Each structure stands twice: as structure tokens, then as C-alpha cells.
Amino acid sequence: MKMKYVFTSIIFFYIISAHAQLGINFRYQNMNPSLWKEQANINNLFASNYELGLDYWLRLKNYRIEFMPELFASRSGTNTQNINYSFQSVGIAANTNFYIFDFIGDCNCPTFSKDGNFFSKGFFLSLAPILEYQQKQLKFDFENNKFDNDLNFAFSIGAGLDIGILDLITISPFVRYKMFPSISWNGFAEAHSLVNQTDKSYNINYLQLGLRLGFRPDYIREQNKFKNKRR
């Protein structure tokens, strides 16, 4: 019975991947939670972490605006002698790329390596509203874990460049700045015996360096259909 489910899952994944225009995202993040670092007296608290995501590619027909709704997850941790800190999240992002140097046109090709307009066709500015569910945890050596789970809104701005490897594969390095206008950690000040301080909300920013690996099996099918018509 288990093999039946495994086989069905493999077939389902094959069908989806054969018709989809998918992207895998990897991001390195430099987080700067200044208030928490001050309260915990830890300069490198959540100094860096990683984020992984899966997106689906869509585009406008006559304008170089591309949409990549994405599901992502991230995790970061810092350990001290007495306390383990962890920050985990899952979220959705409505990534939108604007190809400002080649904005008007019906460009459906995923690679620009065969012409002289590599930079103008591949460079983009990005913008994304983000909704993120976060789990923040303090684990003490001498007592139970303390959790704070909440939902927060963020947005990011950035720039990147599409680099065509094959008709099937495009890699896109990018840099982004991710901003949370308001975020809090209930119980953080109390856990550090800061009785005169409250768990107030404040903004947290990330610097992200990332790479997207895009797959376009639909483009290969379109090219094959075009070649067959010409014969």
C-alpha cells in the first residue's frame, strides 16, 4: 500500500514539473534585531540565516513584468551558555520583476546568451509584499521552552540579473532589502529580567543575497512545436 502512494506521488510530481515554470530560491540573510541584541547583550544574535523558497513563474504578454508567487521557509539560531534562541518562519511572497531596460516587448525566451543585449534583457528590479508566520523560541537550561508565534507583514525591494544557461535553465543572482515595519517578541524582556522594559514593536531589516534557479520546460515544447511547423 505504501508503494502505491509513493508511485502516485512520483507520477503527480512528474506531471506538475513537466508543465510548470518553476523556480527554486536560495537566500542568505543578514538580520539586524538591534533591540533584542541589546536586551540579550549578544552582538551576533541571529546575525545570519538562510531562506529557501519555491515559486511559480507568470508574465504579461506585451510587457516585461514577471510574477513569481513564492512559498518559503527560513530558520536561524544562536546558542549561549544558558539560553538557546531560535527564529523560524514560513511565508508567502508576491515577487514581481520589472525589466526596465527592455520593458515593452513579447519576450518569452528564458535565455539571452545568444544575442548582444544580455544585460538590457536580463536586468530587473524587484518588489514583493510578504506575509510571514514566525515562531520565536527561548530555551533555557533550567526550565521549559517559551514560544511566541505571530503573523507579520513585510516587503522587499531589490535588483537582479537573469543569466541563461540552457533553454531549460536560467540562474538569477539578486540582492534584496527586506523590511518588517513592526515586529515584537512577547516575553523577551521578561525572560532577561528586564522588568522596566516592555516588549514593544519595532522594525527589523534584512540584507539578502540570493540565487534563483528557474526551469522552463514549456519553452522547449514551444520551440519544438515551432520547428515542426517550419518543416
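Tutor: Let us begin with Glu132, which counts as buried because its relative accessibility is 1%; buried means under 20% relative accessible area, exposed over 50%, and partly exposed in between, with a 1.4 Å probe and protein chains only. This is a predicted model, in which local features need pLDDT of at least 70 and side-chain atom pairs count only at pLDDT 80 or more, while totals for chains, interfaces and linings use all residues. Residues are numbered from 1 along each chain as its sequence is written, and side-chain values use heavy atoms, with hydrogens and water left out.

Student: Which side chain meets Glu132 in a salt bridge?

Tutor: Side chains of opposite charge can pair when their charged atoms come close. A salt bridge is a side-chain nitrogen of Lys or Arg within 4 Å of a carboxyl oxygen of Asp or Glu. Here Lys178 meets Glu132 at 2.8 Å, N to O. Lys178 lies in strand β9 and Glu132 in strand β6, so the pair ties together parts 46 residues apart in sequence; strands are DSSP runs (E, at least two residues), numbered from the N terminus.

Student: Which residues are linked with these two in a network of salt bridges?

Tutor: The network links Arg27, Glu51 and Glu70 with Glu132 and Lys178. Within it, Glu70 forms a salt bridge with Arg27, their closest N and O atoms being 2.8 Å apart, and both residues are buried.

Student: How many salt bridges are there by this rule?

Tutor: The count comes to eight. Among them is the one between Lys136 and Asp150, with the closest N and O atoms 2.9 Å apart, and both of these residues are buried.

Conventions: Helices (H or I, at least four residues) and strands (E, at least two) are DSSP runs, numbered from the N terminus.
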